[in-house]
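Here are some exercises to work through with the model open beside you. Try each task before you read its solution.

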Amino acid sequence: MNTAATSHPKEITLRGILLGVLITLIFTASQVYMGLKVGLTFATSIPAAVISMALLRAFKTSTIQENNIVQTIASSAGTLAAVVFTLPGLLILGWWARLPFVTTFMACAIGGVLGVMYTMPLRRALVTNSDLPYPEGTAAAEVLKVGTSSREGAAEGSAGLWAVILGGVSSAIYAAAAVSTWMAGEISAYFKLSAKGSTVSGMAGSSSLALAGAGHLMGITVGIAMFVGLFIAWGVLMPVLSTIHPHPEQVFADAAARADFIRGGEVRFIGAGVIGVAALWAIGKLIVPVWAGLMSALEAQRKRKSGEADLPRSEHDLPVWIVGLVVILSIIPAAWLLSDFLGRGSAIASIGLPLIVAGVAYIIIAGLLAAAVCGYMAGLIGASNSPVSGVAILAVLGVAVIVGLIGRQLTGDNVQQALVAFCMMVTTVVLAVAVIGNDNLQDLKTGQLVDATPWKQQVALIIGVLAGAAVIPWTLNMLHDVYGFAGEVGHHAIKANAELDAPQAGLISTLAKGAIGGQLPLGFLGIGALIGAGLVAADEVLRGSSKARLALPPLGVGLAIYLPPSVTAPVVVGAIAGWLFEKAIARMKSKEIASRLSILVASGFIVGESLLNVVYASLVSATQNPEIISRYVTPLPVSAGMIVALVAGLAVILALYLWAIAQAKKIDRAT
């Protein structure tokens, strides 16, 4: 691979664009599934960089800057897919039966392009002249450097590609065994704690290597937080609530049915209260540093020389006039988007014009603030750890207040549904702005460290945004047809009783309804807010103690309370497994290589299972047959199926961890 430093290195190439778009399409589909399943997404820059390095090694003319363009395009998959935090809410509300392709594409594309434009003026202040760590951007740059500067790095790049492949294939086969019903898709046990059977609790875990991989990537701190959330939900709240609220009017088939009823109607809203407080606190802490960052950006702009002729290539951004023109011109498609959206809700047609004006203004102004906040958060704590859900919560509450004032004189259920749906659409665009802003500065940091040209990266990210925006509606519709989303009324999924939780979308649509129609379950939300405040205080005490490594992220605790245990328990297992792996390799000479390979194995777990489920959903949707795989297998007995799922899952994780260690030692010996 050619690594010679030149004044005009090969960066944007046709092969790089095609490779980046291909990786984007794959990772976007997997990210959509994970976002609907667990309410979280993962950063794709590092696995994309490894795949790019491994494939572009075949071209002697490839450069580190070309690899950087590939990961820049592909990184949009890990961010733009976060629109699943809002879009499914429109299906849950019953506003749409399916997501219209053009409307969904436009919402993602408008927000994504604005995210790139808004963060460009912040690059010098928040990247070039800043000491913000940008953990993921720095890590991606190191991977690119290692992979292009030495034969050892090339060997690691090849091993990294195999790590993703092996993790993906193993995860896909494991998921296929669960989908086919040959082995248990869930390991669970629910039980009664009282003679009358009113007090219940239990625990469950999906047979999912993807969730275990997500836990590995999140780390032990988030894993512990989720374990605490599980204990609060199932060790405290479930027994207490099932005792004081026996629900004698309900008929439950067993303890599992009773527990699920209480979780959905009570525990879930307590978790929502925790999430709301935690997200708002996380953003509130950043107000001062974000303001300082904005002032620094304005000062840098003031001092900037008028001409760019003397600036080095690594300081060339898109021209300011292009940025301004794109922002101004975006008003037109944004207005069309909202107008077309409102055309589907005649109940509020009489206030259509003020709603469109307010919506477009909100997108432009709130989007700018969201991009700045998220860009700073990416530099501070990393794109994966940024509480973008908090930005979405603030965004939907803000627009709901405005929309509620405009439509306060209209009455009727159809009016409220239309107003809430409008709020969700505006929030979707603002969220797209926020998450791309979150990713853009992270990518520009990587570019700074590998001597890339900023404007070329900005163009590359726009390409990734458009590619991701094209695949998101198709993937969402496919998964919706087959599985459906929790909380929907009237939708009959092809596969019964297999709803995807879409937790963030459910929460945000509930908040929009409450803000407009006063339908929030304030009692349970209030309990959650109090718990959240206590967790925030505990986290601050831990972080301020002499043992500074201790922390208890309240958002992680809240998600574990909000989500069903079948989702969060495997994440906890994966976090613990990753922590034990890091402990096991701590004294190895090649521990850093082994650690990087384990991260890629975990990424492969996520991609493999997610894509298997997308492919399975495609087959079921095309044939309208939910038994397209299961009809060819004979399921194991329930207890045996659970044992096989547990043993097989742990065996796969252990085997690939051992493989990563062996490969790391092999690479180290070759140096």
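**Exercise 1. Find how strand 1 and strand 2 pair, and over how many bridges.**

Solution. Bear in mind that this is a predicted model.
- Step one: locate strand 1 at residues 186-192 and strand 2 at residues 200-206.
- Step two: compare their directions. The two strands pair in the antiparallel sense, over seven bridges.
- Step three: pick out one facing pair. Lysine 192 stands opposite valine 200 of strand 2.
- Six of its seven residues are buried, so strand 2 is largely enclosed by the rest of the structure.

**Exercise 2. Decide whether helix 22 is largely enclosed or open, and say which of its residues are buried.**

Solution. 
- Step one: helix 22 spans residues 554-562.
- Step two: go through its residues. Pro554, Gly556, Val557, Gly558, Leu559, Ala560, Ile561 and Tyr562 are buried.
- Step three: draw the conclusion. Eight of the nine residues are buried, so helix 22 is largely enclosed by the rest of the structure.
- Step four: zoom in on glycine 558, which is found in helix 22. Its relative accessible area is 0%, and since buried means under 20%, glycine 558 is buried.
- Step five: list what glycine 558 touches. Leaving aside residues up to four places away in sequence, these are Gly271, Val274 and Ile275.
- Step six: check one of these contacts along the chain. Glycine 558 and isoleucine 275 are 283 residues apart in sequence, yet their C-alpha atoms are 4.9 Å apart.

For the protein as a whole, 83% of the contacts between residues at least 6 apart in sequence join residues at least 24 apart.

**Exercise 3. Describe the largest nonpolar core and the surroundings of leucine 90.**

Solution. 
- Step one: the largest nonpolar core has 139 residues, and Leu36, Leu80, Leu90 and Leu476 are those with the most contacts inside it.
- Helix 18 (residues 413-449) does, with 18 residues.
- Step three: look for another core. A second, separate one has 46 residues, including Val450, Phe605, Ala645 and Ile653.
- Step four: return to leucine 90. Not counting residues up to four places away in sequence, leucine 90 touches Trp95, Trp96, Phe341, Ala421, Met424 and Met425.
- Step five: look at the aromatic residues in that list. Trp95, Trp96 and Phe341 form one aromatic cluster.

As background, buried residues make up 56% of the 671 residues in the protein.

**Exercise 4. Find the two salt bridges and classify the exposure of each partner.**

Solution. 
- Step one: arginine 15 forms a salt bridge with glutamate 66, with 2.6 Å between the closest N and O atoms. Arginine 15 lies in helix 1 (residues 14-38) and glutamate 66 in helix 3 (residues 64-75), so to speak of distant parts of the chain here is to speak of 51 residues.
- Step two: classify these partners. Arginine 15 has 23% relative accessibility and counts as partly exposed, whereas glutamate 66 has 0% and is buried.
- Step three: arginine 98 forms a salt bridge with aspartate 481, the closest N and O atoms being 2.3 Å apart. Arginine 98 sits in the loop between helix 5 (88-92) and helix 6 (101-119), while aspartate 481 belongs to helix 19 (residues 454-482), 383 residues apart.
- Step four: classify again. Arginine 98, at 43% relative accessible area, is partly exposed; aspartate 481, at 16%, counts as buried.

**Exercise 5. Describe the aromatic pair of phenylalanine 581 and tyrosine 657.**

Solution. 
- Step one: the structure holds five aromatic pairs.
- Step two: read the geometry of this one. Phenylalanine 581 and tyrosine 657 are 4.5 Å apart centre to centre, with 35° between the planes, and the pair is tilted.
- Phenylalanine 581 is in helix 23 (residues 565-584) and tyrosine 657 in helix 25 (residues 638-669), 76 residues apart.
- Phenylalanine 581 is buried at 4% relative accessible area, and tyrosine 657 is buried at 11%.

Methods. Residues are numbered from 1 along each chain as its sequence is written. This is a predicted model: local features need pLDDT of at least 70, side-chain atom pairs count only at pLDDT 80 or more; totals for chains, interfaces and linings use all residues. Side-chain values use heavy atoms; hydrogens and water are left out. Buried means under 20% relative accessible area, exposed over 50%, partly exposed in between (1.4 Å probe, protein chains only). Contact means heavy atoms within 4.5 Å. Helices (H or I, at least four residues) and strands (E, at least two) are DSSP runs, numbered from the N terminus. A nonpolar core is a set of buried Ala, Val, Leu, Ile, Met, Phe, Trp, Tyr and Cys residues joined through side-chain atoms within 4.5 Å. Two strands pair if DSSP finds at least two bridges between them. A salt bridge is a side-chain nitrogen of Lys or Arg within 4 Å of a carboxyl oxygen of Asp or Glu. Rings of Phe, Tyr and Trp (its six-membered ring) pair if their centres lie within 6.5 Å; planes under 30 degrees apart count as stacked, over 60 as edge-to-face and the rest as tilted.
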